[in-house]
Amino acid sequence: MTSLTPKPADREAAKATPIVDALQRPLHDLRISLLDQCNFRCPYCMPEAQYHADYEFLRRQQRLTYEEILRVASVAVGLGVSKIRLTGGEPLLDKNLPALIEGIVQLPGLDDLALTTNGMLLAPVAASLAAAGLHRVTVSLDSLDETVFARMSGGRGSLSRVLAGIDAAAEAGLTPIKINVVVQRGVNDHTVIELLEHFRGSGHIVRLIEFMDVGNRNGWKMEQVVPSRDLLEQVKRHWPLRRIDENYPGEVARRYEYIDGQGEIGFISSVTAPFCGNCSRARLSADGVLYTCLFATHGTDLRESLRNNADEEELTDILSRIWLQRADRYSELRSPARAEAHMQRKVEMYRIGG
Ligand SMILES: C[S@@+](CC[C@H](N)C(=O)[O-])C[C@H]1O[C@@H](n2cnc3c(N)ncnc32)[C@H](O)[C@@H]1O
Ligand code: SF4
């Protein structure tokens with residue numbers, strides 16, 4: 001923690017009581033996607049055939065500026081948000097990130113500032129992110145098998161650089177580090193145990209995520225989902241596990257620990273055991289659209305209001321109206337017919353950052 005971060009007592013005192021939506025879910029987290037571009041082409045997120053050299057990503061002037069992001073973040077914190085995650089696309093393609101982190105971490109009432117990255121560009125910047133006030137990182141890493149890793153990063157990643165990024169983040173104190181693994185049947189499920197073995201005892205928390213039907217472009221099929229309960233059984237055959245309590249209501253991962261004391265592991269079962277009932281997350285895209293569901297088909301454009309100089313009161317009014325009316329719970333209502341009808345219209349994951 002740096003001197004930029006307000007003292008715990010000050011933060012507690014400044015915390016707003018979260019507003020709740022139509023289903024009584026509090027607004028707790030804000031995920032901010034900084035840009036829609038990425039240096040990987042993970043087939044489950046940005047398949048190369050769709051996101052080719054001629055694909056038109058957002059131009060700079062279409063993306064929110066830091067000043068605009070900070071205005072939204074500040075209003076969100078005033079409505080009860082205490083956790084902010086910076087994501088993308090790949091957030092580390094943004095070279096000025098420390099400046100934004102310094103601004104966000106000073107918001108009174110915020111007690112957790114995290115960043116999700118594919119880790120490729122992390123090693124050289126980990127220390128400066130920590131110095132700017134970032135609390136921790138989550139690194140996405142689907143396999144330690146070179147061939148599988150290459151396939152799952154769309155041939156763009158370097159496994160050794162990602163591992164160096166994780167080490168540098170640990171060195172810089174960006175902990176606890178979480179390692180996100182999207183598990184796809186027939187693609188990387190046979191390498192999960194090796195990956196867990198590698199990180200056992202490191203203090204990093206591996207989280208096994210069910211391949212989700214986010215967006216419309218990843219060719220999602222239920223057959224490719226490995227249900228968490230199957231993975232859990234598989235892991236238990238190697239190492240006994242015990243369930244542990246959630247850190248806070250609405251936590252997405254089901255937490256387990258190795259009985260032999262070698263650390264924690266999480267299961268994110270967004271397909272087979274949806275957690276909409278506790279979902280407390282709002283998501284801001286790089287071009288300023290606020291979404292209240294990962295599977296949303298539409299959001300609310302805040303950029304226009306920001307650029308028309310809406311003041312804090314007006315922005316508070318807009319955000320609170322969005323949250324108060326929120327009643328979405330796509331994952332809980334998911335059915336094959338519904339998923340198909342929904343298929344063509346959902347927002348893409350790389351636009352809102354997971
Ligand atoms: C969209 S990425 C953005 C941040 C950064 N580029 C990264 O990969 O960590 C955020 C998270 O979404 C996950 N993700 C993307 N597509 C997914 C899918 N179809 N199912 C499950 N998780 C997915 C990624 O694995 C990653 O952990
Ligand atoms: S999951 Fe992350 S790293 Fe992979 S393509 Fe999507 S945004 Fe890029």
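Biologist: Is His204 buried or exposed, and what is its relative accessible area?

Modeller: His204 is buried, with a relative accessible area of 13%. The cut-off for that word is under 20%. The model is predicted, and what follows describes that prediction.

His204 sits in the loop that runs from α7 (192-199) to β6 (205-210). Setting aside the neighbours within four places in sequence, its contacts are Ile166, Ala170, Ile177, Ile179, Phe199 and Glu264. Two of these, Ile166 and Ala170, fall in α6 (159-171). Ile179 belongs to β5 (178-183), and Phe199 is in α7. Glu264 is the charged residue in the list.

The loop between α6 and β5 has a feature of its own. It holds Pro176, and the peptide bond from Thr175 to Pro176 is cis, with omega near -5°. Most peptide bonds are trans.

The axes of α7 and α8 (residues 228-238) come within 11 Å of each other and cross at roughly 55°. The two helices are therefore oblique to each other, and their crossing is right-handed. On the α7 side the contact is made by Val192, Ile193 and Leu196, and on the α8 side by Leu231, Gln234, Val235 and His238. These residues divide into 5 nonpolar, 2 polar and no charged.

The axis of α2 comes within 10 Å of that of α3 (residues 97-105), and the pair crosses at roughly 25°. That makes α2 and α3 roughly parallel, and α2 passes α3 in a right-handed crossing. Tyr66, Ile69 and Leu70 of α2 meet Leu97, Ala99, Leu100, Gly103 and Ile104 of α3. By class this contact has 7 nonpolar residues, 1 polar and no charged.

α2 and α10 (residues 312-325) pack at about 65°, with axes 10 Å apart. α2 is therefore roughly perpendicular to α10. The crossing of α2 and α10 is right-handed. Arg71, Val72, Val75 and Ala76 of α2 make the contact with Glu312, Leu315, Thr316 and Leu319 of α10. Its residues divide into 5 nonpolar, 1 polar and 2 charged.

Glu67 is another residue of α2. At 48% relative accessibility, Glu67 counts as partly exposed.

Asn309 has a positive phi of about 60° although it is not a glycine, and with 62% relative accessibility it counts as exposed. Gln24, in the loop between α1 (8-14) and β1 (29-33), also has a positive phi, near 70°. Gln24 is exposed, with a relative accessible area of 58%. Most residues other than glycine have a negative phi.

The residues around ligand 2 are Cys38, Phe40, Cys42, Cys45, Met46, Gly89 and Asn118. That shell divides into 5 nonpolar, 2 polar and no charged residues.

For the chain as a whole, there are 13 helices and 12 strands. Of its 354 residues, 56% count as buried, and His204 belongs to the buried class. Among contacts between residues at least 6 apart in sequence, 75% join residues at least 24 apart.

How values were computed
Residues are numbered from 1 along each chain as its sequence is written. Chains are lettered from A and ligands numbered from 1 in the order in which they are written. This is a predicted model: local features need pLDDT of at least 70, side-chain atom pairs count only at pLDDT 80 or more; totals for chains, interfaces and linings use all residues. Side-chain values use heavy atoms; hydrogens and water are left out. Axes are lines fitted to C-alpha atoms, for helices over the stretch in contact, and angles run from 0 to 180 degrees between N-to-C directions. Helices (H or I, at least four residues) and strands (E, at least two) are DSSP runs, numbered from the N terminus. Angles under 35 degrees count as roughly parallel, over 145 as roughly antiparallel, 65 to 115 as roughly perpendicular and the rest as oblique. A crossing is left-handed if the near helix is turned anticlockwise from the far one by less than a right angle, and right-handed if clockwise. Contact means heavy atoms within 4.5 Å. A residue is near a molecule or strand if one of its heavy atoms lies within 4 Å of it. Buried means under 20% relative accessible area, exposed over 50%, partly exposed in between (1.4 Å probe, protein chains only).
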